[in-house]
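Subject: Structure for your files

Hello,

Here is the structure I said I would pass on. My notes on it follow below.

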Amino acid sequence: MRVIEAALPLPLVRRAREAIVRLGGERLRQSYFTTFWLPRGSVPAHAVEEAVIALWRLAGARRCDGAEWWLGRAYTTDLPVEFHFDEDVKGRRRRHPRLSSVFFFNSVRGGQLAVTDQVPTSQAAMRLETVAPRRNRYAIFAGNLLHGVLDARGRTPGKRVHGARGRLRLTLVVNYWDRRPTCVPTWTESGVYRGLGGRRQSRSG
Ligand SMILES: [Fe+2]
């Protein structure tokens with residue numbers, strides 16, 4: 001795993017965060033399953049896509065077709081994802097991104113990204129590397145490794161952790177693909193997260 005500190009210019013981090021705040025609670029529970037495609041050479045539609053393009057340069061995945069990105073929003077007392085492989089979930093053939101990566105917006109209790117050395121064809125993990133969430137930290141790892149998020153106590157997530165839920169763990173996840181994953185829309189095509197583009201969400205809508 002490669003970890004880059006002070007990854008993005010702070011004004012960009014601030015603008016991306018303000019755009020995310022405009023979403024309020026939209027798709028909060030589904031945020032890990034609400035992913036978007038950004039083709040190589042795109043003009044960014046909003047600050048979060050600007051951040052994706054800046055992270056792409058750091059990751060160095062130059063020959064990839066594009067980046068799949070999503071917002072990771074979760075409380076570490078009640079994580080919505082288990083350990084997993086990133087893959088083309090709607091594709092017929094099992095495919096993985098070239099590189100997977102996580103940009104952290106804030107520090108939280110626990111919530112470490114944990115990356116094993118287990119690939120889909122191996123029996124079990126021999127090693128586990130962890131990186132704690134810190135503002136403006138960026139972690140990059142091979143796209144075929146088993147990984148997950150640790151809970152508020154720094155353990156493999158299972159049952160809900162009792163007690164105060166603490167701050168929302170906020171990340172921008174970016175996976176770089178040789179070829180576009182199946183049925184992942186661009187932000188414009190998706191029709192969701194309109195608030196990222198600058199308009200406030202109406203209460204009714
Ligand atoms: Fe993942």
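Two strands are said to pair if DSSP finds at least two bridges between them. In this predicted model, β5 and β8 meet that condition, pairing in the antiparallel sense over three bridges. One of the positions involved is A114, whose bridge partner in β8 is G148.

These two strands belong to an open sheet of three, ordered β6-β5-β8, with antiparallel pairing. The edges are taken by β6 (128–131) and β8 (147–149); each has a single partner strand, so one side of each is left without a neighbour in the sheet. On average, neighbouring strands here are turned by 20° against each other, direction ignored.

Next, L150, which sits in the loop between β8 and β9. Is L150 buried or exposed? L150 is buried, because 20 other C-beta atoms lie within 10 Å and the cut-off for burial is 20 or more. Leaving out residues up to four places away in sequence, L150 touches G110, G111, Q112, A114, T130, R155, T156 and P157.

Last, the largest nonpolar core. It has 49 residues, and V48, A51, V52, L55, F103 and Y176 touch the most other members. Elements that each supply at least two residues include α1 (10–21), β4 (99–104) and β9 (169–177). The biggest contribution, seven residues, comes from α2. F103 touches A7, A51, L55, Y138, T171, L172 and V174, again not counting residues up to four places away in sequence.

Regards

Conventions: Residues are numbered from 1 along each chain as its sequence is written. This is a predicted model: local features need pLDDT of at least 70, side-chain atom pairs count only at pLDDT 80 or more; totals for chains, interfaces and linings use all residues. A nonpolar core is a set of buried Ala, Val, Leu, Ile, Met, Phe, Trp, Tyr and Cys residues joined through C-beta atoms within 7 Å. A residue is buried if 20 or more other C-beta atoms lie within 10 Å of its own, exposed if 12 or fewer, and partly exposed in between; C-beta atoms are placed from the backbone. Helices (H or I, at least four residues) and strands (E, at least two) are DSSP runs, numbered from the N terminus. Two residues are in contact if their C-beta atoms, placed from the backbone, lie within 7 Å. Axes are lines fitted to C-alpha atoms, for helices over the stretch in contact, and angles run from 0 to 180 degrees between N-to-C directions.
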